[in-house]
Amino acid sequence: MAFGRGNTERHICEAEAHAILAEALTALAPDARRVLVIIPDATRTAPIPLFFRLLCELLSPRTEALDFLVALGTHPPMSEEALQKLVGVTAEERTAKYGNVGIFNHRWDLKGQLITLETIQASEIGAITGGRLSLAIPVTINRMVLNYDTLLICGPTFPHEVAGFSGGNKYFFPGISGPDMIHVTHWIGALLTSRALIGTHDTAVRALIDRAARCIPRRRLCASLVVCGDALQGLFVGSPEEAWRAAADLSCRLHIRWVDKRYRRALAVIPAMYDDLWTGAKGMYKLEPVIRDGGEIVLYAPHIDNISYTHGKVLNQIGYHGTAYFVKQWEHFRHYPWAVLAHSTHVRGEASFAAGVETPRIRVTLASRVPHAQCDRLGLGYLEPGAVDLAAWQGREDTLFVPKAGEQLYRLRPS
């Protein structure tokens, strides 16, 4: 059972968060000497500066080492200035007050940073995925985890397009894992489709993530946060599995908005914390379930000029397509990075593919600084961002307007 609490009405103040963490860490890790805290990057809304301070206050006096590792997945490394902003410290504090605390970027693409713990056999992968995928997967992770006796995940939980809900052991896989787990988990999500997985607790992807986490030969703990706007609504500390499930239960109540009808179109205003389409496409995933067949989602992101800082080259080669497009031409596409194929399918959404013709269920239009010609090549619609009148999208019967898209999931209320 996880320590902590959460509800939809009352937020958790700093004193309460301190008390919850203190009680949990005393009970669950009284002998911890070397602690690695795994945190999200700036593309997740969370009071990381608060928890950085609290964890340093609670753990630094009684540990030999306390370090932080940013679970970037395949996101680009953060600069020193960006890391300081992420944890809420000045350059002076970074070298003085917190001079003994390491803050590191995970690098999924550097073999020297990685170690293989075990290989999950094809038969087990087949059982986990219901036969959709059957291949052996090396469980590769950032080798830093072996330098500590306690690994503490600290991050938020939201509905997620691949794992159902983010958080928990997902901070290990794919957060600080090597490419194999990144590609396989995302491709399983593509085969199952984002629309079917998002906002669901028990998925094949989550089962694989939890199975891989059991390979880590260190104590695993998790401080699962649930945030709504700037408010901390939930804090649950325990095993990654227990803390995550409690957080996902609360996330269901806070982050899923039920509507009574499907909309013909939607405008998703993409916040500045998403600086490329790879991250900003969350505006698509969270709205897709409530758009009627033949409808449209417009991603309004006038600040975005890049589809992906890490994977743009591959995406410009393959474009955005539904899962069937790749599966029915697998011999041609199987050698591309599977996580990129998966992202492509999530952005495109459901689409049929027959006789060489792809038919998407809905249209996806990008109103950004990505050029019109590039959108055409990628298979996305284009809308000049300067021509978008936000007021005109509001208050219309057939239109859904979302002023800050990416974290709230919209679903159709069961009849």
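Start by selecting helix H3 (80–87) and helix H10 (277–280): each supplies at least two residues of the lining of the largest pocket. Helices here are DSSP runs of H or I with at least four residues, strands are runs of E with at least two, and both are numbered from the N terminus. A pocket is found on a 1 Å grid over the protein atoms alone: it is an open set of points where a 1.4 Å probe fits, with protein on both sides within 12 Å along at least five of seven lines, and its lining residues have an atom within 4 Å of a point.

Before moving on, a word about the model. It is predicted, so local features need pLDDT of at least 70 and side-chain atom pairs count only at pLDDT 80 or more, while totals for chains, interfaces and linings use all residues. Residues are numbered from 1 along each chain as its sequence is written, and side-chain values use heavy atoms, with hydrogens and water left out.

**Stop 1: the largest pocket**

Keep H3 selected, as H3 gives the most to this lining, with three residues. The volume is about 560 Å³, meaning the space filled by probe spheres set on the points, which are joined across faces, edges and corners.

**Stop 2: the second largest pocket**

Next, select Gly-229, Arg-257, Lys-404, Glu-407 and Gln-408. These lie nearest the centre of the second largest pocket, which has 14 lining residues. About 260 Å³ of space lies there.

**Stop 3: an open sheet**

Now show the strands. Five of them form an open sheet with parallel pairing, in the order S18-S17-S14-S13-S19; two strands pair if DSSP finds at least two bridges between them. At the edges, strand S18 (381–382) and strand S19 (399–402) each pair on one side only. Zoom in on strand S14 (residues 291–301) and strand S17 (residues 363–368), which pair in the parallel sense over six bridges. Which residue in S17 stands opposite Tyr-300? Click on Ala-367 to find it.

**Stop 4: the cysteines**

Finally, how many disulfides does the structure hold? There are zero, a disulfide being a pair of cysteine sulfur atoms within 2.5 Å. For Cys-13, the nearest cysteine sulfur is that of Cys-154, 16 Å away. Cys-13 counts as partly exposed because its relative accessibility is 33%, whereas Cys-375, at 0%, counts as buried. Buried means under 20% relative accessible area, exposed over 50%, and partly exposed in between (1.4 Å probe, protein chains only).
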